[in-house]
Protein chains: 2
Amino acid sequence: MIGISWERSQERNFMKSLTLEEIGKMAGVSRSTVSRVVNKESNVSEPVRDRVEKIISETGYSPNSAAKALASQRSYVIGLVIPRNVEAFFEDPYFSRLTQGIAQATNHNDYTFSLFLLNTPEVENRIIPRITRPGFIDGLIVQSTSADDKLLSKIVNGNIPYVIAGRPLGHDELNYIDVNNIDGAKLAVNHLAKLGKKRIATISGTLDISPGLDRKIGYQQGLINNGLSIEEDLISVGDFTQEGGYHAVGQLLEHKPDAVFIASDQMAIGALRRLKELNISVPKDIAIVGYDDLPPAQYVDPELTTIRQPILRFGQAAVNMLLKKINDNNVPAEQLILDVELVVRDSCGGKIN
Amino acid sequence: MIGISWERSQERNFMKSLTLEEIGKMAGVSRSTVSRVVNKESNVSEPVRDRVEKIISETGYSPNSAAKALASQRSYVIGLVIPRNVEAFFEDPYFSRLTQGIAQATNHNDYTFSLFLLNTPEVENRIIPRITRPGFIDGLIVQSTSADDKLLSKIVNGNIPYVIAGRPLGHDELNYIDVNNIDGAKLAVNHLAKLGKKRIATISGTLDISPGLDRKIGYQQGLINNGLSIEEDLISVGDFTQEGGYHAVGQLLEHKPDAVFIASDQMAIGALRRLKELNISVPKDIAIVGYDDLPPAQYVDPELTTIRQPILRFGQAAVNMLLKKINDNNVPAEQLILDVELVVRDSCGGKIN
DNA sequence: TTGAAAGCGATACCAT
DNA sequence: ATGGTATCGCTTTCAA
């Protein structure tokens, strides 16, 4: 039972919150001493510390964040920025997971997590100043994109520590973290080649962002490594959406592929839908490998063989990188690439690994 | 091109941010006047305003958030709290959408959005004090749950404006917003009844939270309204997950239902999977209505007839309610219930409406 | 070990 | 219309 009636919570206007000074008065010490106790500094005598802590817990005192931030020049807030041209942010389970991973890691480190969705130009114009404003955010994680250099340059040039999530095309020198997209695509192609596939097609993502480009590069390298040749007709460009996969797979069929590496599970799901409509059997007539290994990969028929990205770990690592920057802005820019792995399910037939 | 080299961004340590005072000095006015200009107050003469605005835009000055928050006792931050026992937060697309809706609405109102995932008891203990600390958050939206009264009472008793997202069981007097779950379930049952179904079963959600309970109540009322009787054997309790739906539908089959109202799309997807395995055809052998109408509902075979919740609008309305509270804490607690609608697709057969 | 006092950078009231 | 100044609640030297 909550057990508190409505009139009680109206008292709000009358109960102003306590301050260090007041706690100090109650404990018969100065505000400085209370501050030391609150911040667990060592130079406080046992008896005083006990006395103060008792009063703090009795009164439920908690320091005022704004005052603390102002005095210490630290807000303990980390922001995640999703630029506008990241399509369908919350449609794609990838972003949900990313958000979850970063939020958890942020909280785990006693920071507060803020999310900025720059979904319209109007919102973008209003939010960017707030994001880059001093005193509110200690550091930013920015989802990498194709074109949003306005934002990125503002952040890179600004005085705020940042980490870019995903290799920023054309700016490999910046501080970023990514998963190994090239390797992931190679793993997929290797798997298909080992199964004896000879005409391995791909549905790539948009090529103006690194996951799109890198997975295509990996696909091509994978073909070469396996003694297969690159055929332009077997390369179709999707847009990371289910609809995109649905349409792209249609185009490919004319060229008789016996397997398709599809650069995201979402596109793979769309492709499976199309293939089912056309009565083309997966994996009997055609083998499919997806990319992401998010929950939907297991809920389609057949279950998707796919590339697993360590998204939660990715979030944790991104936060760690950022904290390093926050604590010492002189550490040089760093690039961190996480490994991925192949998850074999039912969309390729024979299970080998 | 970002076009700024690495050494430039290391200057950070040397470029301290500007203050009102400094801008004032540059413009030959006092800090008070600059403050008035920044806050677009009317009592500033044209020439002075122009002069100051010019300097502000030239220097890129932006007020310090912490100082502003401290002085004005307003942080312009709104938090969304997801208690621990909300299962599988980001597995369920519902929560992604909710987050998106609230984040967008928050930004739209020039507030900053913070997300608190109380995913472990440890994190919960660390975060709750921060959430309820004065000076950092102007208001909270709390996802309603079954058991988390500790948190809820802390917030309700605290001095922080809040809105509960979802009717809090046993506390109808609190400030909350919900969708009409009872009506939604009735819509589903009515639809099935109109199609001539006589043995309409249900897979409910967990009954200790309102969406679970209310949708079951609506199901029962719907049966009665249509002259059908309530049969306990036709009621199975799931847990809002795909796995739950998968298992629950199995139990129901013994009792020969000709239709099932399933209290979430996720459970419906699990049920469809099970039915497919058993070679039971939907909608020929059995009709299905889901609940939520999130993207996956359209990506299963057959596409789900379901109840659509206005989640984005829900987020907007929640933020609006909260802002009302923030701006005047004396407005009485309010309960807002949004309407839902039936979306007819392919999982029930004959299209009537 | 403890206290006094000077900031931090805004707001907002009071003068002029 | 503009400026002066107290204030918000904490951190952080500096003395004692």
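This is a predicted model: local features need pLDDT of at least 70, side-chain atom pairs count only at pLDDT 80 or more; totals for chains, interfaces and linings use all residues.
Visitor: What makes S7 and S9 of chain B the edge strands?

Guide: The open sheet has 4 strands in the order S7-S6-S8-S9 (chain B), with parallel pairing. Strand S7 (235-237) and strand S9 (287-289) of chain B each pair on one side only, and the twist averages 20° from one strand to the next.

Visitor: Which strands does helix H11 of chain B touch?

Guide: Helix H11 (residues 242-253) packs on the sheet and touches S6, S7 and S8 of chain B. The direction of H11(B) makes about 150° with that of S6(B). Angles over 145 degrees count as roughly antiparallel, so this term applies to H11(B) and S6(B).

Visitor: Why is H2(A) called roughly perpendicular to H3(A)?

Guide: The axes of helix H2 (residues 20-27) and helix H3 (residues 31-38) of chain A cross at roughly 105° and come within 8 Å. Angles of 65 to 115 degrees count as roughly perpendicular, and therefore H2(A) is described in this way relative to H3(A).

Visitor: Which residues of H2(A) and H3(A) meet?

Guide: Leu20(A), Glu21(A), Ile23(A), Gly24(A) and Ala27(A) in H2(A) meet Arg31(A), Thr33(A), Val34(A) and Ser35(A) in H3(A). By class, this contact has 4 nonpolar, 3 polar and 2 charged residues.

Notes:
Residues are numbered from 1 along each chain as its sequence is written. Chains are lettered from A and ligands numbered from 1 in the order in which they are written. Two strands pair if DSSP finds at least two bridges between them. Helices (H or I, at least four residues) and strands (E, at least two) are DSSP runs, numbered from the N terminus. Axes are lines fitted to C-alpha atoms, for helices over the stretch in contact, and angles run from 0 to 180 degrees between N-to-C directions. Two residues are in contact if their C-beta atoms, placed from the backbone, lie within 7 Å. Angles under 35 degrees count as roughly parallel, over 145 as roughly antiparallel, 65 to 115 as roughly perpendicular and the rest as oblique. Ala, Val, Leu, Ile, Met, Phe, Trp, Tyr, Cys and Pro count as nonpolar, Asp, Glu, Lys and Arg as charged, and the others, Gly among them, as polar.
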